[in-house]
Amino acid sequence: MNNPTSTVSADPIPNVLAERYASPAMREIWSAHGRILLERDFWIAVMKAQRDLGVAIPAEAIKDYERVRDDVSLDRIKERERVTLHDVKARLEEFSDLAQRQFIHLGLTSRDLTENVEQLQVARALKLVNFKAVAALNLLARRAAEFRDVMITGRTHNVPAQPTTLGKRLAMFGQEMLLAQARLEDLIARYPVRGLKGAVGTQLDQLTLLGGDTDKVDQLESRIIKHLGFKAKFNAVGQVYPRSLDFDTVSALHQVGAAAASCATTLRLMAGAGLLTEGFQQGQVGSSAMPHKVNARNCERVCGFSTILSGYVTMTANLAGHQWNEGDVSCSVVRRVALADACFAIDGLFETFLTVLRQMEAFPAAIAAENERNLPFLATTTILMEAVKNGAGRETAHEAIKEHALAAAKALRTGGDADLLARLAGDKRVGLGKKKLTEILRENERFVGAAPHQVDAFVATVEPLVKKHKGAADYQPGKLL
């Protein structure tokens with residue numbers, strides 16, 4: 001745990017912008033002050049358990065440590081670390097000198113302290129992210145239900161393809177988030193803590209301290225794991241827990257953020273086409289040079305945070321599979337950056353995304369105008385199926401519709417005859433007259449297929465999840481800068 005600089009290792013090294021947009025709750029989880037309080041609680045819990053198991057620790061000594069628990073000076077600890085060049089020793093000495101006692105850290109190595117406390121921070125952060133993912137799913141479901149039947153031009157390769165509904169489009173991204181949120185919840189349930197394992201993982205020093213009684217060693221560890229709030233633990237580890245777990249954590253955060261980023265990307269495209277706005281506050285300025293601009297800045301921020309997370313996935317992936325024997329500290333500087341800031345980034349992402357979902361406004365007239373312009377082309381697959389039902393050969397009709405659709409699309413762009421229906425009606429290969437083709441286009445509801453039904457299914461899936469997580473339905477994101 002030696003550090004090449006005087007920076008206290010309790011301090012994460014955050015991305016300034018990511019921390020800026022994170023909520024106070026997430027910042028508190030990763031604050032240097034909060035981290036030290038967690039460490040002191042850990043030391044006190046170990047002392048109490050050791051005393052109960054027969055270690056000669058006076059009750060008054062424990063009270064002395066508890067009395068000074070909240071006396072935290074980061075400056076004093078940094079001064080100590082400049083001398084010791086060891087972060088844990090600096091914090092240990094500070095706490096013991098405040099209490100005027102020397103009973104903490106008995107039988108422990110630095111990693112017994114830092115690994116468990118870091119994992120506690122990770123576990124709390126995961127729970128907060130999971131809560132906000134459910135809050136986002138709730139809003140996605142509500143907005144999807146609101147726009148359940150609003151037909152829009154569906155696009156593949158960003159080219160008009162078939163009609164869908166705005167509600168279905170939102171449900172589509174919600175479905176992706178449901179998958180990611182399930183993974184996140186599973187990770188929380190199975191997340192294992194390192195426990196008290198000692199210098200190389202053999203628990204030698206605790207075994208010595210407790211008179212060689214393995215049952216007492218197990219009891220001590222169980223009490224500490226209960227104190228930390230974990231249900232799962234590693235049984236056989238070295239000085240450090242496997243860094244592949246950090247990769248599992250950060251990649252899970254990236255996956256749940258990816259769903260929001262995909263949605264935000266599409267909303268950016270729709271905003272650029274004038275079909276909706278992510279919201280524009282009174283007094284907001286879109287551009288310093290172009291007064292008319294209403295930029296999708298929040299959606300852009302969501303996508304940016306997703307990119308930050310992908311970087312941390314790469315960083316933690318490079319730690320997985322590189323453990324030396326029972327452990328080393330080459331991972332330390334990477335983890336101090338990646339774990340805290342990945343949590344800041346995903347929290348800022350959700351705070352922003354929730355704001356977008358609340359303030360987003362669709363423009364039905366603009367959506368309808370786009371539909372009207374594209375509908376004859378969007379209906380070509382339906383026309384193809386109707387032609388086949390009327391006796392046309394599938395490939396023959398497909399070729400005819402393709403020829404006329406491409407010609408009409410070119411004419412639409414160059415000012416020629418863009419009447420696709422007239423072109424199709426005059427082609428015997430299609431076998432459908434103008435009257436029948438016009439009737440087909442009037443049946444708008446059929447073009448969206450099962451989109452409304454799929455929205456209903458998505459909403460029905462989200463509802464029990466939201467009920468399970470109390471407060472998620474009413475969560476209000478903090479005010480963004």
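**Briefing: aromatic pairs, cysteines and selected residues**

C263 is buried (under 20% relative accessible area, where over 50% is exposed and in between is partly exposed, using a 1.4 Å probe and protein chains only), with a relative accessibility of 1%. The structure is a predicted model, in which local features need pLDDT of at least 70 and side-chain atom pairs count only at pLDDT 80 or more, while totals for chains, interfaces and linings use all residues. Residues are numbered from 1 along each chain as its sequence is written, and side-chain values use heavy atoms, leaving out hydrogens and water.

**Cysteines**

- The count of disulfides (pairs of cysteine sulfur atoms within 2.5 Å) comes to zero.
- C263 takes part in no disulfide, and the nearest cysteine sulfur, that of C299, lies 7.3 Å away.
- C299 is likewise in no disulfide, its nearest cysteine sulfur being that of C303 at 7.0 Å.
- The relative accessible area of C299 is 2%, so C299 is buried.

**Aromatic pairs**

- Aromatic pairs are rings of Phe, Tyr and Trp (its six-membered ring) with centres within 6.5 Å; planes under 30 degrees apart are stacked, over 60 edge-to-face and the rest tilted.
- Across the whole structure, six such pairs are found.
- Y65 and F95 make an edge-to-face pair, because their ring centres are 5.0 Å apart and their planes stand at 65 degrees.
- This pair ties together parts that are 30 residues apart in sequence, since Y65 belongs to helix α4 (residues 59–67) and F95 to helix α6 (residues 87–99); helices here are DSSP runs of H or I with at least four residues, numbered from the N terminus.
- Y65 has a relative accessible area of 0% and is buried; F95 is buried with a value of 0%.
- F131 and Y475 also pair edge-to-face, with 5.7 Å from centre to centre and 85 degrees between the planes.
- F131 is placed in helix α7 (residues 110–146) and Y475 in the segment after α20 (451–468), so their pair ties together parts 344 residues apart in sequence.
- Y475 is buried, at a relative accessible area of 19%.
- One aromatic cluster is formed by W43, Y65 and F95.

**Charges over rings**

- A charge sits over a ring if NZ of Lys or CZ of Arg is within 6 Å of the ring centre and within 35 degrees of the ring normal.
- R243 has its charged end over the ring of Y241, 4.6 Å from the centre of that ring.
- The charged end of R301 sits over the ring of Y21, at 4.0 Å from the ring centre.

- E115 is a residue of helix α7 and is buried, with a relative accessible area of 0%.
- Apart from neighbours within four places in sequence, E115 is in contact (heavy atoms within 4.5 Å) with R194, Q239, V240, Y241, R243 and R335.
- Among these contacts are Y241 and R243, the two residues in which the charged end of R243 sits over the ring of Y241.

**Positive phi angles**

- L85, a residue other than glycine, has a positive phi near 55 degrees.
- The position of L85 is in the loop between α5 (74–84) and α6, and its relative accessible area of 43% makes L85 partly exposed.
- N325, a residue other than glycine, also has a positive phi, near 50 degrees.
- The loop between α12 (297–317) and α13 (332–359) holds N325, which counts as exposed at 68% relative accessibility.

Notes. Helices (H or I, at least four residues) and strands (E, at least two) are DSSP runs, numbered from the N terminus.
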